[in-house]
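Biologist: I am new to this structure and would like to learn how to read its features step by step. Could you take me through them?

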Amino acid sequence: MSEEQKNKEKALTDSEGASPVDPEREAKLKAAAEARAARAAAKEKADAEAAEAAPPEPKPPSPKQPELDAIVALIRQQAADDAVEDAYVNELNGDMPTVIVKNDHWRSVSQLLKHNEQLQFNYLRNVSGVDYESHMEVVYHMVSLGSKREAAIKVKTERDGASVYSATPVWATANWNEREIFDLLGIDFPGHPDMRRIMMPDDWVGHPLRKDYEPLDSEV
Amino acid sequence: MIRTEELLLNVGPQHPSTHGVFRIVVKLDGEVITEATPVMGYLHRGTEKIAENLNFTQIIPYTDRMDYVSAMTNNYVLVHAVETMMGLEVPLRAEFLRLIVMELQRVASHLVWWGTYLLDIGAMSPFLYAFRDREIIIDLFNELCGARLTYNYMRVGGVKWDAPPGWMDKVRDFIPYMEKKLEEYDKLVSGNEIFLARIKGIGKYDAATAIDYGLSGANLRCTGVDWDLRKAEPYSLYSQFEFDVPLGQNGDCYDRYRIRLEEIRQSLRILKQAVPQFPEDGETMGKVPRVIRPPAGETYVRIESPRGEIGCHIVSKGKAEPYRLKFRRPSFVNLQILPKLLVGETMTNLITILGGVDIVVGEVDC
C-alpha cells in the first residue's frame, strides 16, 4: 500500500471517530418524536369526540346472513344442540359465513358438512392452524362446487396437548395439510392415517410456527 | 419358479425428473410399483415463519420464491388479500397491468411445463422450442420490472412500475407470434403416436376422487369438473373478458396435456381483448396509507394460478406484520394424490404421472 493511500485511510477513520453522536441529528429525532406524539394525541381526541357525537348506526344485515343461519340451524339440529360455540359473518373476507364448532363435536359436524344435502361442502380448499397464544385454532375453508356457497369453520383447542379430530376420513385433502399443521404448530389429529412430520426433519425438536418457539440449536 | 424380491428404490432428491428437490421412495415388485412414499421438505425455507416478522411489502419478494415459475400470480394473491382486508381500490391502469402480466405468466408457466414434460418423457427438442418462446415473455417482464424470474412487481394498491413506452406494442406483437407457434407445437408433438402411447390412459382418476383430494387447476378440470376461479369466483377484471375453460373427460395425462395447451390459447385470447382496452394514462398506485396495517381479523382469498387454486390466509392483529400468514399452495395439495396414482404403475409411468401433475418444488415446500 502506498503512503498516500495509508494517509487517506487514516483520515477516514479519524473523521468517523471524531463525532460518534451527531448533536444535530439527535435534536431532529427528538423533534420528530414530539411531533408524532402530538399528532397521536390530537387524533385520539378527535376520535373520541366523533364517537361521542354519533353512536354507530346498526348495520344492515349481510346478504350472507341467511346462509350462515341455515348452517348453524342444521348443525344444531343434526349434530348437537351445543355444537356451535359462535357464528358470525366475516366482513373482512367478503362476508364469509364463519362458524366456530366445539372441539368435542367436530367429528360429527365434519361428516354433516360434507354429506348433508343442503350443505354439500364437498371441496375443502384450505386448512390452517393458528397459534393465538391463549389457545390454538384450526380453520377449515370449504366450498360446495355445485352451489358455490362457501364457509369457514373453526375449531378451538387447548394450547397444551392440542388435539383436533382428523378430517382426513371426510376429505382426503386434509391429509397433508394436517401433517403440516402438526409439524409446524404441534396440533395432534387423532384418527389421521399417517401422522408424521412433513416439512422439518424427523428428529427436529419443537414446532417452529408456535409463538413461543425457541430453536434448540441457535446456530441452525 | 422365478423368485422376485421387493426392491426399495430412492428417486431424488437430485433426480432431474423430479423438477427440483422432491424425493420419492418406491417399493418395486419387478418393474411394478407397490408402494410410493413422497418425502418433502428439502426446499422448506419457513416462508410463513419469516413473514411473521416482516411487513406486507417486505413479504412480496418471498412470494416470488414460492412458485418461481409463476411469480406474478403469487404476488397477486398476497396483495389481493391485503387489499380485501383494507378495502383498497386499485386504479384501472394498474389492474390492467396486473391482469396482462398474470396472463403472460400463465403462458410462460405452461410453456415451461410443456417443455420439461416432454423432456421427461424423452423428447429433447420441444424443450428448446418452449424455452425460446418463453424467453420473449421473460424479456418483456425484464423490461417491465428489471427481473427475469423473481419480479417483486405488485404492491398493495397497485404495481411498482408503469409500462415503459412501446411495451404494450411488444405484448400485442407477441400474441399472433405465439398463436402461430402453438400450431407448430401441435404439429410437432400432439399427434405423435409414441407420445400418445406414453400418456393416453395413464394416471387416470375420476371427478369424485379429484374433488375429494382437493385437486385444482388442470388436475381437476381434466376430469370434467368446470371449476376455474377466473370464471367461478371472478377476481381482478376477469369478468369483463370472454374466454373458455377447457375441460377433459378421462382424467388422464393426455387430458391434462390438452388442457394446458388450450389454456395458453385462452390466455392469448384474454390478452387480445385486454391490450386494446389498456387505459391510455392513469395512476399505477392507488391511495394507500404509508404504513400498511390491515384491520384486526382474518381473510382467505384465492386465485387461479397456472397450477390451480393458490390461496392466502392472513390473520391480522392490526399491526404492520401479519400475525399468521398461510399460503394454500396448489402444488402441495395436488401432489397428495401421487402415492395413490402410482400403485400398480411401472417405473417409467412414475415420471409421466409426476410430470403431469405439474409441481414446482419451491411451492410444495414453501
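Biologist: How many residues does the contact take from chain B and from chain A?

Modeller: This is a predicted model, where local features need pLDDT of at least 70 and side-chain atom pairs count only at pLDDT 80 or more, while totals for chains, interfaces and linings use all residues. Residues are numbered from 1 along each chain as its sequence is written, with chains lettered from A and ligands numbered from 1 in the order in which they are written. Two residues are in contact if their C-beta atoms, placed from the backbone, lie within 7 Å, and here the contact takes 32 residues from chain B and 26 residues from chain A.

Biologist: Which element gives the most to the side of chain B that touches chain A?

Modeller: Helices (H or I, at least four residues) and strands (E, at least two) are DSSP runs, numbered from the N terminus. On the side of chain B that touches chain A, β6(B) gives the most, with five residues.

Biologist: How many helices and strands does chain B have, and why is it called as compact as a globular protein of that length?

Modeller: Chain B has 15 helices and eight strands. The radius of gyration is taken over C-alpha atoms, and the globule rule is 2.2 Å times the number of residues to the power 0.38; for chain B the radius is 21 Å, close to the 21 Å that the rule gives for 366 residues, so chain B is as compact as a globular protein of that length. Along its principal axes, the C-alpha trace of chain B spans about 80 × 45 × 35 Å.

Biologist: What share of the contacts in chain B with a separation of 6 or more joins residues 24 or more positions apart?

Modeller: Such residues account for 69% of those contacts in chain B.
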